[in-house]
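This report describes a single protein chain at the level of its residues and pairings. Please consult the sequence and the model shown here while reading.

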Amino acid sequence: MVKVLLALVTLLSSSATSFAQVGEHRSELAFGVNGGYILSNVAFVPKIPQSMHAGMTGGVTVRYTSEKYFNSICAIVAELNYSQIGWKESILTPDDEPVINPATGLPEEFQRTMNYVQLPVFARLGWGRERRGFQVFFQIGPQIGYFLNERSEANFDVDNPNLSARTSIISSGYKQNGVQIGSGIYHKAAENKVDYGISAGLGLEFSRSGLGHFMLEGRYYFGLGNIYGDSKRDYFGRSNFSNIAVKLCYLFDIARTSNPKIK
């Protein structure tokens, strides 16, 4: 899969070069910052019931605009972000009621927050104003992430969960007659440091000469790698991320094409 991502990056770069030969030339470089809110989960197989894990994401953005091809403004965008992603278990009874822990008397809650450095690279198409006004844009491309650290949050003793009332005991590492029941994921650290997948976003940009570019974007990411081992000897056959993010970005121009016709 890593080879597929590298091939996508090469394709995006070559596409930008070939477009530049037939469209209206641009050579514009912008740099800035981004930040936002991210909702994520992990597609476990066997399945662990979940709700969305909430976290923050932010970093730096660089954009190179190469040309305008008919009405489409073509650019390559790269980001370097710090992101808080993970999963939050939905611990329910067969009647969809919260599972009460007998020791605390509280509904059991568990979530795992995993911190990553992420590098997405996008091919970007925009339609509208480049310098003064609004522009709608769509971007898509590969993303690679590197795992930094993680932390678990639980309001019960993870070695003594209430298994009798749960719909699913897959997450538990409870031992019965010396045999482990479930995956034991409460104590399981991330096994694969590198995450990779495909990311796509749709957004709105407002530009103003002298002020820069302001963007609001909704973005979806689908992971192609697994955070845990997926061999026949491993418990999970699949454990890949997916997430939805809402992001704000501000860019200021470093280099601009000198053309009075650009609006």
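## Cysteines

Cysteine 74 is buried in this predicted model, because its relative accessible area is 5%, under the 20% limit for a buried residue. Cysteine 249 is likewise buried, with a relative accessible area of 13%. The structure contains zero disulfides; a disulfide would need a pair of cysteine sulfur atoms within 2.5 Å.

## Overall architecture

The chain comprises one helix and eleven strands. In sequence order, these elements give the pattern α-β-β-β-β-β-β-β-β-β-β-β. Of the 263 residues in the chain, 42% are buried.

## Salt bridges between parts of the chain

Side chains of opposite charge can pair when their charged atoms come close. The model has 13 salt bridges, each with a side-chain nitrogen of Lys or Arg within 4 Å of a carboxyl oxygen of Asp or Glu. One of them joins arginine 166 to glutamate 89, with an N to O distance of 3.5 Å. Arginine 166 belongs to the loop between E6 and strand E7 (175–176), whereas glutamate 89 belongs to strand E4 (residues 72–89), so this pair ties together parts of the chain 77 residues apart in sequence. Arginine 166 and glutamate 89 are both buried.

A salt bridge also links arginine 124 with glutamate 205, where the closest N and O atoms are 2.5 Å apart. Because arginine 124 is in strand E5 (residues 110–128) and glutamate 205 is in strand E9 (residues 194–208), the pair ties together parts that are 81 residues apart in sequence. Arginine 124 is buried, as is glutamate 205.

How far apart are the closest N and O atoms in the salt bridge of glutamate 24 with arginine 26? The distance between those atoms of glutamate 24 and arginine 26 is 3.6 Å. Glutamate 24 is partly exposed, its relative accessible area being 45%. Arginine 26, by contrast, is buried, with a relative accessible area of 2%.

Which residues does the network of salt bridges link? Its members are Glu79, Glu217, Arg219 and Lys247.

## Positive patch on the surface

Four arginines, Arg129, Arg132, Arg208 and Arg256, gather on the surface in a patch of positive charge. Membership of such a patch requires over 30% relative accessible area and no salt bridge. Arginine 256 has a relative accessibility of 42% and therefore counts as partly exposed. In the chain, arginine 256 is found in the segment that follows strand E11 (238–255).

Glycine 133 is located in strand E6 (residues 133–154). Glycine 133 is buried, with a relative accessible area of 13%.

Tyrosine 250 is part of strand E11. Is tyrosine 250 buried or partly exposed? Tyrosine 250 is partly exposed, because its relative accessible area is 28%, which falls between the limits of 20% and 50%. Between the C-alpha atoms of tyrosine 250 and phenylalanine 214 the separation is 4.8 Å. Along the chain, tyrosine 250 and phenylalanine 214 are 36 residues apart.

Conventions:
Residues numbered from 1 in each chain as written. Predicted model: local features only at pLDDT ≥ 70, side-chain atom pairs only at ≥ 80, totals over all residues. Heavy atoms only, no water. Patch = residues over 30% accessible without salt bridge, like charges linked within 9 Å, V, L, I, M, F, W, Y side chains within 5 Å. Areas by Shrake-Rupley, 256 points an atom, 1.4 Å probe, with all protein chains shown as cover. Lys, Arg positive; Asp, Glu negative; His and termini not counted. Charge placed at Lys NZ, Arg CZ, Asp CG, Glu CD. Helix = DSSP H or I, 4+ residues; strand = E, 2+ residues; numbered from the N terminus. Buried < 20%, exposed > 50% of the residue type's maximum accessible area, 1.4 Å probe, protein only.
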